Every structure is written in C-alpha cells, then in structure tokens.
Amino acid sequence: MRDTSRPRIGFIGAGVVGTALAVALADADYPVAAVHSRDLARRDELVRSLPAARSASTRQEVAELCDLVFLTVSDDALADVAASIRWPRGVAAITTHGAASLDVLRAVQDQGASVGVFHPLKSFATATQSRRFAAGTAVRIDASNEALRDTLTRMAEALGGRPLFVAGDPTLYHAGAVLASNALVTLMDLAAELWTHVGIPKDEAVRALLPLVRGTVDNLDRVGSPRALTGPIARGDAGTLARHLETLGRIAPATLPVYKELARRTIPVALAKGTLAAEAAERLLRLLDATEEGGSCARDDR
C-alpha cells in the first residue's frame, strides 16, 4: 500500500540538480514515479538509477502521473516550460531555482495548481558528488498554500536538511549564496594564479590553499564571524598591506581592484572583532585610497 503522506514525485529535467535530487529523494523512500528530459541519454540513465520511475516521453505525461513535479530546468527556461503544461488540479509544480519567487510559476497557479520552491543550499558540481545531503543543509522553502509548505518541509527534513523560510526578495538570498559559494571558487582561482608568479603551478597551489580554506570554514563554524577573521587587516598590519598593494600593482594589476575592495570590506569586520583599533583602521583606509590607478602605492609605515 502506497504511503499517501509521501507524494508521487516527477522530474522534468535530468541535469545535475534534477539527477541528484531525484536519487536523494528515492533514497529517502519518496516514490519518484516519472522523469522527462529532452536529453534522452540523461533521462534514461536517471530512470535506471531509480527503483520505480518510468521514462516519460512528454512533460505532460509527468504532470498527469505525479502529485508533485520538480521543474529542474534552466532558470531562463523555467517560466516557458511551466506554461507549456496543462496542470491538473491537485498537482504541485516545484522549482529549485534559488532566486525565484512564486510569481515565476504564475501560469501554473492560473490553472488552479499549487506551486512551490525547494532550493537546497548546496553546491551541485556533479550529480554523483551531490547525491548525499550533508546533515543540516539549508533548504529554502516557499509554497502557495500551507499544505504544500508542510509537504516540502517534511521532504527537506527527510533528506537531513534544515528548512529555511525567506522573508522578502529571494534574489538577495540567492545573491548571498552566490557570493559565499561561487565567488569562493573565483577567489581560489585568483589566489592560485598569483602563486604561479612565484613558481608554483596552479593545480598545486589549489591543493596547498585548500587546507587553509577548510580551516577558515571550520573557524566560521566554531566561532562565527567576525571572530574567525585572521590576517594582516585583523592585526592592523599596515606594512604588509602596503607591500601587497605595491606588488599586486606591479605584477598582477588586474587583481588589485578585487583585493582593494575586499580589504575595504574586511576593515569593518576587523573592527567588529575588536582586534583593529579605529586609528589603525583609518591608516589602512588611507593606504587603500593612496593606491594609484597604475598600481603603485604610497607607503605609510609610520
């Protein structure tokens, strides 16, 4: 007998996110009943990895077979894909797009169906790597009615996740997530590129820097911000900052503006930690302001 507290789930889209989420839900004993994707190879591969799913030839078939349909398509295609389906009453359409509001699924609501958002705050680099949810992974949830909200909340908890409810514009929530995750990859790339100038290959640089990054993440977990902050700005080390600015200006001028902006944003964090005095903070700001367009820096070693 089917557990009616767990809806029959379908997926439209079998990319990295769809594959990872479908397998994770099936592992958590949710009945994944149907999968459709324009990419036939991906669709068939995903169906083979699920115990009871069928390969649906159309989007419409998924909507008619399932109680809850995840639209795991590209963000730009989401509204058009949702509008292309005739949604039966009682079926819910769910997006995993982190920046989406319910309005993006207005065409679904206009047909009388429910809509929701289920956004795991997780980096989906590959489907295989992403199939296990770390305990406590936040999952942003929104829904057009309380019953669906409860269903999605239970689903997040079944995956070991922590439901997260966002008040206001979800774009800001998503932009913050991008800074914390995607921008970290870019920063690592910039840092590793700097090391190539001192004879360390980029891949070796990344391997060497990773324990430092993990240690910082561990510190954030244990003591939080701003206490996790370390380094020259936290110490008010103007001499080191001046050398960084001067050297970057000469050798890596494209990186200098990024470094300067991050340094400026780090100063109030250091002040909040209490290790940087107000006078020292002003001195650091003067150094940053004195950096010329060409990358040279007026030294301030008083």
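In strand β3, Ser 55 is the bridge partner of Val 35. This pair belongs to an open sheet of eight strands with mixed pairing. The model is predicted: local features need pLDDT of at least 70, side-chain atom pairs count only at pLDDT 80 or more, and totals for chains, interfaces and linings use all residues. Residues are numbered from 1 along each chain as its sequence is written, and side-chain values use heavy atoms, with hydrogens and water left out.

**The sheet**

- Helices (H or I, at least four residues) and strands (E, at least two) are DSSP runs, numbered from the N terminus.
- Two strands pair if DSSP finds at least two bridges between them.
- Strands of a sheet pair through backbone hydrogen bonds, either parallel or antiparallel.
- The strand order is β3-β2-β1-β4-β5-β6-β7-β8, and the edge strands, β3 (54-55) and β8 (162-164), each pair on one side only.
- Strand β2 (residues 32-36) runs parallel to β3, and two bridges join them.
- β6 and β7 run antiparallel and are joined by five bridges; Val 117 has Asp 142 in β7 as its bridge partner.
- β7 also pairs with β8, in the parallel sense, over three bridges; here Ala 138 has Arg 162 in β8 as its bridge partner.
- Five of the six residues of β7 are buried, so β7 is largely enclosed by the rest of the structure. Buried means under 20% relative accessible area, exposed over 50%, and partly exposed in between (1.4 Å probe, protein chains only).

**Helix α1 and the cores**

- Helix α1 (residues 16-27) lies across β1 (9-12), β2, β4 (68-71) and β6 (114-120), and runs at about 170° to β1.
- A nonpolar core is a set of buried Ala, Val, Leu, Ile, Met, Phe, Trp, Tyr and Cys residues joined through side-chain atoms within 4.5 Å.
- The largest nonpolar core has 30 residues, and Phe 11, Leu 25, Leu 50, Phe 70, Phe 118 and Met 155 touch the most other members.
- Elements that each supply at least two residues of this core include β1, α2 (40-48), β5 (92-95) and α6 (146-158). The largest share, six residues, comes from α1.
- A second, separate core of 22 residues includes Ala 34, Ala 82, Trp 87 and Ala 93.
- Leaving aside neighbours within four places in sequence, Phe 118 has contacts (heavy atoms within 4.5 Å) that include Leu 21, Phe 70, Ile 94, Val 139 and Met 155.

- Two packed helices are described by the angle between their axes and the distance between the axes.
- Axes are lines fitted to C-alpha atoms, for helices over the stretch in contact, and angles run from 0 to 180 degrees between N-to-C directions.
- Helix α7 (residues 170-180) packs with helix α8 (residues 182-196) at an angle of about 25°, with their axes 3 Å apart. That makes α7 roughly parallel to α8; angles under 35 degrees count as roughly parallel, over 145 as roughly antiparallel, 65 to 115 as roughly perpendicular and the rest as oblique.
- In this contact, Ala 177, Val 178, Leu 179 and Ala 180 in α7 meet Asn 182, Ala 183 and Leu 184 in α8.

**Lys 260 and Leu 288**

- Lys 260 is in helix α12 (residues 256-273), and at 14% relative accessibility Lys 260 counts as buried.
- Leu 288 lies in helix α13 (residues 278-290) and counts as buried at 0% relative accessibility.
- Not counting residues up to four places away in sequence, Leu 288 touches Lys 260, among others including Leu 241 and Ile 267.
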